[in-house]
Amino acid sequence: MKRLNRRKFLRTLGVGVAALAVEGRLNPASGYPVQRYMRRPPNVVLVITDDQGYGDLGCHGNTLIKTPNLDKLYLQSVRLTNFHVCPTCAPTRASLMTGRYCNRTGVWHTIMGRSLLRSDEVTMADVFAANGYRTGIFGKWHLGDNYPFRPQDRGFQDVLVHGGGGVGQTPDYWGNDYFDDTYWHNGKPKKFPGYCTDVWFNGAMKFIEESRDRPFFCYLSTNAPHWPYNVADKYVEPYKGKKNLPDGRFYGMITNIDDNVGLLLQKLKDLRLEQQTVLIFMTDNGTAEGWDGEEGYNASMRGIKGSEYDGGHRVPCFIRWPGGGLGRGRDVVTITAHVDLLPTLIELCRLEGHEGIKFDGKSLVDNLFGDDTNEAERIVITDSQRIDHPEKWRKSAVMTNRWRLINGKELYDIKADPTQKKNLGDEHPKVVERLRKAYEQWWTDTSKRFDEYCEIIIGSEKENPSRLTCHDWHGPDVPWNQNAIRSAARGNGFWAVEVERDGEYEFSLRRWPEELDLPITKTIAGGKVIGAANARLKIGGVDISKPVLEHTTSVVFRVNLKAGKTRLQTWFTDGKGASRGAYYVYVRRLT
């Protein structure tokens, strides 16, 4: 089946019609029971946390951590207990948003221009918005900070996000540290009082209240408990002095999330939206700090964030919809994945216009409503590339309900050996052969566009000027956070860009972002001065240089460009052979 791309999807669908369900009858589309009459489709609230693993919850057997509200939600939800994502954050989000394996969407890293979701991919927000839902995102996006990759370009109508893959990373507003930060609200920087997680939940609850009279999709995506582990002392205090605990700050951040989940649950109840809202809680990869191999708790799994073993990608997933028959605790033990959630929500909410999208996932509606057939032959694949150009078999896991083939070599019986200690590859060569064959087919299919870049578009009315950061350089040395900028990290790379139209363009090369506005050769407390005598710009057929004056904050070039795809690269050189790229480049189309 030919895949329906985003542009065609948005052009052909129009606005979907509201679904009706009658109490006591079966939904004619899916056959699942509906417990009450609904005059509109259910709302959807999708909560995803960052770097919290399967074992970082009290309800999963962790006796060290305090998560009473998530434990309560666990008891009220259908739990996908064999649910898998990618071993790192941006790839998981790409798969979650599209229902497709991340490698085919252009996202297989968290930096390096490989966290940009291909512009022709249809997102979960696109589907909901086209069916008349109000859509909002609050927190972490991590699939692109420039047009056409921003959340407001991908179906979200209300947008409150930080930059890059975490607060304090290079694309984020300078100086953000989780407290009283400046975030982007519908494309414009705005300062918010309070702690980051509180800001995301408060924004989401305001959105929910304002949207209560129509269907809504709320994507609540926290940056916590991602490093740096900053949180108020009152959340760290309960974990001080405890033994077998890697980092109390990490747990404190999760307890703060839990408090906010409690507020969210109460808000839905107060607004009388609890019954008609599908609430999903999940995380984006294995734990980052809840287990160090000796201390902490990891639910007997091997590996943590970034690992190809289960501890890197098996995560919690709770689904609750009281008014739709999903209000009691029950486990779904068959293997499921992030790519399944969009097809599942399409069926639950009876959304239209998706028929041409080639999903890698499948609807789990039958599983959610009691038909948890043990799908022995289903194969799910994940990997962790984290390089510019993917490599076959790199940090990969080919999975069934019973088996895990790791890196094409190691075979584990996950039911008999959940810690993945005993390699059974030599004892089950036919299983290895079958799973290797499945991987080969998967690789051939998902690798078809590996030689393509996801170009940032410059000169568009949708974003002019554009603020490019070294986070999206293609190259081996990418200063991905503000600490690297402060310490004057050496490195360089190119941006893959597309000039939207012929015209005159202005390029401002900077070491520091505009909001800091320091001279290129000056620094801040704790920082390092760089030697920069000359600045160079190369784009398309243009290659020009200028001297860097002593107190200048930027070096500005004006050039005429033709429309089309090209590469943009910059240099600051000190005259002695040392050089680095401009960490920030502001691009404006003048004519």
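Which residues does isoleucine 406 touch, not counting residues up to four places away in sequence? Okay, let's start there. One thing before I go on: this is a predicted model.

So, isoleucine 406 touches Glu308, Tyr309, Ser396, Ala397, Tyr412 and Gln420, once you leave out residues up to four places away in sequence. The residue sits in strand β15, which covers residues 403–406. Is isoleucine 406 buried or exposed? Its relative accessibility is 0%, and buried means under 20%, so isoleucine 406 counts as buried. If you like a distance to check on your screen, take threonine 382: that residue is 24 residues away from isoleucine 406 along the chain, and the two C-alpha atoms are separated by 10.0 Å.

Next up, the sheet. We have 10 strands here, forming an open sheet with mixed pairing, and the order goes β7-β6-β5-β4-β8-β1-β9-β10-β2-β11. The edges are β7 (188–191) and β11 (330–332), each pairing on one side only. On average, neighbouring strands are turned by 20 degrees against each other, ignoring direction.

Strands β4, residues 134–139, and β8, residues 216–221, run parallel and are joined by six bridges. If you want to find one of them, look at glycine 136, whose bridge partner in β8 is cysteine 218. There's a helix to look at here too: α3, residues 89–98, lies across β1 (43–49), β8 and β9 (277–283), and runs at about 170 degrees to β1.

Now hop over to the loop between β5 (158–161) and β6 (182–185), where you'll find threonine 170. Threonine 170 is buried, because its relative accessible area is 0%. What does its side chain reach at 3.1 Å? That's the backbone nitrogen of asparagine 481. Beyond its neighbours within four places in sequence, threonine 170 has contacts including Arg467, Cys470, His471, Trp480, Asn481 and Tyr584.

Definitions and conventions. Residues are numbered from 1 along each chain as its sequence is written. This is a predicted model: local features need pLDDT of at least 70, side-chain atom pairs count only at pLDDT 80 or more; totals for chains, interfaces and linings use all residues. Side-chain values use heavy atoms; hydrogens and water are left out. Helices (H or I, at least four residues) and strands (E, at least two) are DSSP runs, numbered from the N terminus. Buried means under 20% relative accessible area, exposed over 50%, partly exposed in between (1.4 Å probe, protein chains only). A polar contact is a pair of N or O atoms within 3.5 Å; within protein, one must be able to donate a hydrogen and the other to accept it, and residues adjacent in sequence count only if both atoms are side-chain atoms. Contact means heavy atoms within 4.5 Å. Two strands pair if DSSP finds at least two bridges between them. Axes are lines fitted to C-alpha atoms, for helices over the stretch in contact, and angles run from 0 to 180 degrees between N-to-C directions.
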